[in-house]
Amino acid sequence: MFSRFKEKLTGFKEALSSKIAEKVSLAEKIAGKKDNDKSADKEIESQAKALPAADKNAAHVKSTAPNGASSGASPAKPSLFPEKATGDNKPKSRFSFLEKAKSLIFEQEVILEEKDLEEPMWALEMALMESDVALPVAEEIVREVKSDLVGKKKKIGADTGALAEQSLRSALITLLSKNHLDFDEYIKGKEKPVKILFVGVNGTGKTTSIAKVARYLMNQNYSVVLAAGDTFRAGAIEQLEVHGNSLGLKVVKHKTGGDPAAVIFDAVEYAKAHNKDIVLADTAGRLHTNINLMDQMRKIVRVTKPDLLIFVDEAIAGNDAVERARLFNESVPIDGSILTKTDADAKGGSAISIAYITGKPVLFLGIGQTYPDLVKFEPEWLVDRLMGEAEA
Ligand SMILES: Nc1nc2c(ncn2[C@@H]2O[C@H](COP(=O)(O)OP(=O)(O)OP(=O)(O)O)[C@@H](O)[C@H]2O)c(=O)[nH]1
Ligand SMILES: [Mg+2]
């Protein structure tokens, strides 16, 4: 799971580590220079003390150019020590520069500036894009990581890989926590029977996910009815019946070619008459480009008024899954997604992107072909696996 994502991140970690190493060696050089220049510093200091306050800057500027060099003593590149924006263009004295160097070396720290992060951030954006993270999502993550790292004091000798990981981890958690919906709480608080409709393109795992969600709900003592709303594909009704039999559930069905909305309507009536808590309704797989089938889906939704419309797609489809989710959501607003086949997904991009792009939460992840292979979506669970901190 997500092996390529982890692999791609190494470039970002290495770029950040080497930038920090560069800064450390520069800081140490300056520290060495400071010792050689001690006498010059003393002179600067005494001159500064002797002058009235208003002239102090002028004295620094003057005295920092003992060998006739220009008075702008602040080093041209690269600035190790970010100055607070003062709003003026006063040249920085070498005195203050060396004092800063001294304190930074003393504290054994360097501070990361925005320009230090150019390369690492580029590496991060590339890693995310190559992992199929959608562009606006990759840009958002990069923005978050950058704002977390800029101005951060970095202890010399500490583990820079950990710094990179911590920052990315918290950016991912923030992103994935947006639009969160607690499925269990939702079901608990909703008037029964709760009607849940599953839609998506062909073969993504809708019917399997219905069976998994049924078992998940049964484990919480809810009673469940299945609606065989895929009246289109040959064998689809029988497939749902196999699951119904395995789980001991009533499957409400009509004939192949029948009206899916009518099947779902009947299933809801059955649930009401028999005091069942939840109706899980299957639908035929349809391509987002098939106008007739998309129209039919809108009709099913209009007639059956599901409480939750869940879009199901497979994580391995990467950017395609994200794009399909966006188009389904535009056609008829979804309430959330289930991403299946996460167990076979090396990249992780769709799992990261889909909630952000649709503005609707991921509710579950499918992690295999058997009923228990369903994980309620939690940002930490996913990030632990993306970052390699937990096994699948
Ligand atoms: N590895 C893995 N396979 C899965 C997962 N979910 C579903 N599958 C497999 O994906 C295949 C298709 O699953 P279905 O549930 O029939 O998909 P569907 O969306 O209902 O398909 P259509 O009704 O034809 O549109 C089956 O072989 C499932 O076992 C998952 O999380 N992991
Ligand atoms: Mg199906």
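On a 1 Å grid over the protein atoms alone, a pocket is an open set of points where a 1.4 Å probe fits, with protein on both sides within 12 Å along at least five of seven lines, and its lining residues have an atom within 4 Å of a point. This is a predicted model, in which local features need pLDDT of at least 70 and side-chain atom pairs count only at pLDDT 80 or more, whereas totals for chains, interfaces and linings use all residues. Residues are numbered from 1 along each chain as its sequence is written, and side-chain values use heavy atoms, with hydrogens and water left out.

**View 1. Lining of the largest pocket.** Fifteen residues line the largest pocket, and those nearest its centre are Asn202, Gly203, Lys206, Thr207 and Arg233. Helix 9 (residues 206-218) gives the largest share of this lining, three residues, helices being DSSP runs of H or I with at least four residues, numbered from the N terminus.

**View 2. Shell around ligand 1.** Ligand 1 is surrounded by 19 residues, of which Lys206, Thr207, Thr208, Asp343 and Gln369 are the closest (near means a heavy atom within 4 Å). Helix 9 again supplies the largest share, here four residues.

**View 3. Polar contacts of ligand 1.** Polar contacts are pairs of N or O atoms within 3.5 Å. An oxygen atom of ligand 1 lies 2.9 Å from a polar backbone atom of glycine 203, and an oxygen atom of the ligand is 2.9 Å from a polar backbone atom of lysine 341. For arginine 233, an N or O atom in the side chain is 3.0 Å from an oxygen atom of ligand 1.

Note on methods
Chains are lettered from A and ligands numbered from 1 in the order in which they are written. Helices (H or I, at least four residues) and strands (E, at least two) are DSSP runs, numbered from the N terminus. A polar contact is a pair of N or O atoms within 3.5 Å; within protein, one must be able to donate a hydrogen and the other to accept it, and residues adjacent in sequence count only if both atoms are side-chain atoms.
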